[in-house]
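Work through the exercises below with the sequence and the structure open. Each task is followed by a solution in steps.

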Amino acid sequence: MNARVSGTFAGQGELFGFVKGDTRPHDPRYSGDGVRAGQGRDATSTPERLPGGLIDRSRSLEFAFDGRSYRGHPGDTLASALLANGVRLMGRSFKYHRPRGVLTAGSEEPNALVELRSGARQEPNSRATVVELFHGLEACSQNRWPSLAFDVMGINDLLSPFLTAGFYYKTFMWPAAFWETLYEPVIRRAAGLGSLSRAEDPDCYDKGFLHADLLVIGSGPAGLMAARTAGRAGARVILMDEDFVLGGRLNAETLSVGGQMGSAWAQSVVAELSALPNVRLMTRTTVFGVFDHGIYGAVERVADHLPAPEAGKPRQILWRVYARQAILAAGAVERPIAFRNNDRPGIMLAGAVRTYANRWGVAAGRRVALFVNNDDGLRTARDLDAAGVDVAAVIDARAEGDRLPGIRHIKGAVVTDAAGRLGLRGVTFRDGRGREDRIACDCLAVSSGWNPAVALTSHQSARPVWDESIAAFVPSPNGPKGLKVAGAAAGVMSTHGALATGAARANDVLEELGLPTQKPELPEAEDAPVRLSPLWHVSGAGRAWVDLQNDVTVKDVRLAHQENFRSVEHLKRYTTLGMATDQGKTSNMLGLAVMAELTGKSIPETGTTMFRPPYTPVAMGALAGRSRGEDFKPRRLTPSHRWAAEQGAIFVEAGLWMRAQWFPRPGETTWRQSVDREVLGTRKGVGICDVTTLGKIDIQGTDAGVFLDRVYANTFSTLPVGKVRYGIMLREDGIVIDDGTTARLGEHEYIMTTTTANAVPVFRHLEFCRQCLWPDLDIQLISTTEAWAQFSVAGPNARRLLQRIVDQDISDAAFPYMACANVTVCGGLRGRLFRISFSGELAYEVAVPARYGDALVREMMAQGQDLGVMPYGTEALGVLRVEKGHIAGNELNGQTTALNLGLGKMVSKKKDAIGMVLSQREELARADGLRLVGIRPVDPKAVLEAGSHLIAAGRDPVAANDDGWLTSVVHSPHLGHQIALAYLRNGASRLGERLRAVNLLAKTEVEVEIVSPHFVDPEGERLRV
Amino acid sequence: MLIPHPILGLRDAQEFTYLGDAALIDRPDGLANPEAFHDYLYLRDNPAGIHRELWFHEQGDRSWIVVTRNTVTHEILGAVLAQDVARARGRSR
């Protein structure tokens, strides 16, 4: 037990930086008798604790705020427990570092943002009003240094004349070099919210999917009634509420429903719903967004109310709810009135003050004054008075109407100022005759009426409409399809109205679902009309706060108006009104009203800002779910992956695939040593590379040849059975999409190979051609990429090795260059053999069912020991293909034609093929256009940079003189120097020419010679041995 | 979003990839002049309202479908197999 010597107000007093040594507020003008001091303290018996409420007084929970320990009860929030301990100062404001206390009792809270927990679980910007108290909870205030009571950056408050709306835009204009280096870091440090732990989140988050006939959002009288009506009719109902206790405002009021306390009635309905198998009740679950076609996003805080999640349980679950119908019963949010210094700690919304008293048994102050313009605010005065709290006065802006009996009810008056920097000490008011007077109080409960919680109804761009009778926006009738609104969210403010509309909307839903409607069984409840006289702000000198979270004042709105930022969207962006974590739930309406006053327009004419998801902040962890770290995306492993890992292979990501990049051997210290060895070893003996990742598409049917003729630029219907042909595939605009080989295994059976990167897009494209262009061709397609493990076996010893593997005769005579066949391997296992080469060597690709891939590579490695066999990775693959002048992804960059590649003759002009017509366009068919060439540095020691541009000698390296660029650069161990492939203007006729390869980013320039792209075996003799 | 697959019923839009205007079905004859292909490939309507568009059920049964969607409200008015549309528009082999 942490015994403290001072009482509530005194407890705050010790925080008063400017009242040194004095534990009491001692302004002689305020001599309120509500201020008591000098009592010992226990949360179970603090003067702030009132009787009643939905807390478990038999148990006590210890928690810490700013390093100091306190006690509360199960059922408390952090905010209610702090108030119960007399702590009213909970944070500092965003810009001016003004001391702030709690304003609300719900998720709309703008002020009481804290850092929760410590270490890796530290979480900034947690709203104390919705943080459920648990034993051992640690919280810290934010945006203050060195302490909450004395904050150095409070200097900003004195500098406020310079920090008005738009000051960022006006002050930090130049020099531009300072934007990121100086201004932004300084501003970020001075203005801001909480800080991140920068440690990895130790908890896990899940995603879940739910289906329902009816989703009910909110569990107040309207939501409970809707769920009960639909649940009794047998509909599959899900009821979600962000709170940890169902009942909504019934738990915050002393109203009776059906002859019992509202909260008791709510619990009885909850009990009935819990027993229905077709109803699912979800607490601590916020529906944050409405998406297309009845899809709702929700976050369930499974373990936020625990010190740490239970073992194996997620901390939060992101739910995607597919609901045939939904009823929004999210209630309403109270709004404040702006007046001078209306941000003092202790100034709260009247409904919140009532909630703290009724639900948590906490008096928000010892002596409470009220400032209202409507009847609902008067409920707070009555409830507090009944609970024994000293109600100093009700300052009622309305001159007419009855006075509250037994309470000082000042009619026709407004509050003009508030005193007490670190905690309210009193307010000044002006009555109808213009006389000013002061009242001592430590809490001011303010009510300017309630705004229906319309946010979700406008997530699909419907704008809410103005309802003069309650001076608030209500949902548009053109809201999301399938979403109905009931209760206060629909602008129906009485309890009876909520119950009635909840039942009525549920019956509407039942009718649409084709289920029997229910005769509503409406319990008796109050049906008071809304009596309200709009009042948004009290004019006068000094600063009156509109947006507490972003420190936007009435003056700022005025300045925006003056500077012509008058549309609501401009107002928001110029002043930052309504931004940040609370998204202006308590401030947007007020800002709009002030702007309307300035423009002389009505509020609906002035407009309303758009509401977008999420309704309240959603943690990144919940959105990511399990897609973190290694699980961020799926990983595809090749059939030889395990074997390659045993060899110590270095892997590289190729799309989702993990491919062996090279295989280091003992003694090799750089990747180049390994790659050079693999290249030379392949060209000298035999190398093996897993090429399973290349796309494989099985094409069968009597029209397979016709189909291939149309999707490839060259012809395949004439390809003999048992042969392979290289093909290039164009887009309709004449640009090359992909290249690869296609083998004809039978009269009506072809196997197409795609590049690794384009396996999916090419398959999609072929399906488009098959279904949308030529639906009656007799063909079937299937992707077999993962069905077959395929290895390239390349090098002069390739045949000798494979003859030990393949059961059939594969001599050059029996199986010549570009042959293919179904074979058996290792004594009967079915396989496929293709005599094709990417490396330029005598080479084959051998395929077996994927599950035998591991065994096959091990067998080939064992059989090839005497032949100098070695595995090679993607780096060596790249070197081999560049040495041979074969193109790959670097050359197929979505800008190149067959002509650019030097393959123009492959485009048949005699047949209908995708891309043929447009590939003949003048600019694409230029004789002097880009052509693929080889590049050799004049100085063999020179280092080339891929991406370098080719510039003629004596020309400036500018775009106008650009002759082309280097696409792929490798070190050729075969030649002993670097080589490159390049696109060069008119390249085919420039062999032997010398140019400069200029790279302005790397600041390099190398003299190069244009050569044939075929660096190795240009005649192709090795392929045919 | 939910897409009413003509064979499989309501499916989540995440299972599909989007291509664009269903007019891509109306490909000119493969030996037509470049102007016809230019119009086919580059001139598309971009209506605010009812739009017929091609979606591919890539994470599903590989059907290409034509979805009729209101681009303003995202309301989906129907979906049919693209090959049926193609045949109805005279495409065959």
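**Exercise 1.** Describe how α11(A) and α13(A) cross.

*Solution.* Step 1: α11 spans residues 554–562 of chain A and α13 spans residues 588–599 of chain A; helices are DSSP runs (H or I, at least four residues) and strands likewise (E, at least two), numbered from the N terminus.
Step 1: the two axes come within 10 Å and cross at roughly 45 degrees. Axes are lines fitted to C-alpha atoms, for helices over the stretch in contact, and angles run from 0 to 180 degrees between N-to-C directions.
Step 2: α11(A) and α13(A) are therefore oblique to each other (under 35 degrees counts as roughly parallel, over 145 as roughly antiparallel, 65 to 115 as roughly perpendicular, the rest as oblique).
Step 3: their crossing is right-handed. A crossing has this hand if the near helix is turned clockwise from the far one by less than a right angle, and is left-handed if anticlockwise.

The model is predicted: local features need pLDDT of at least 70, side-chain atom pairs count only at pLDDT 80 or more, and totals for chains, interfaces and linings use all residues. Residues are numbered from 1 along each chain as its sequence is written, chains are lettered from A and ligands numbered from 1 in the order in which they are written, and side-chain values use heavy atoms, with hydrogens and water left out.

**Exercise 2.** How many residues of each chain are in contact, and how many salt bridges are found across the interface?

*Solution.* Step 1: chain B contributes 36 residues and chain A 34.
Step 1: the rule finds 8 salt bridges between the chains (a side-chain nitrogen of Lys or Arg within 4 Å of a carboxyl oxygen of Asp or Glu).
Step 2: Lys481(A) forms a salt bridge with Glu75(B), with the closest N and O atoms 3.2 Å apart.

**Exercise 3.** Where is Pro614(A), and what kind of peptide bond joins Pro613(A) to Pro614(A)?

*Solution.* Step 1: Pro614(A) lies in the loop between α14 (603–606) and α15 (620–624) of chain A.
Step 1: the bond is cis, with omega about 0 degrees.

Note on methods:
Contact = heavy atoms within 4.5 Å.
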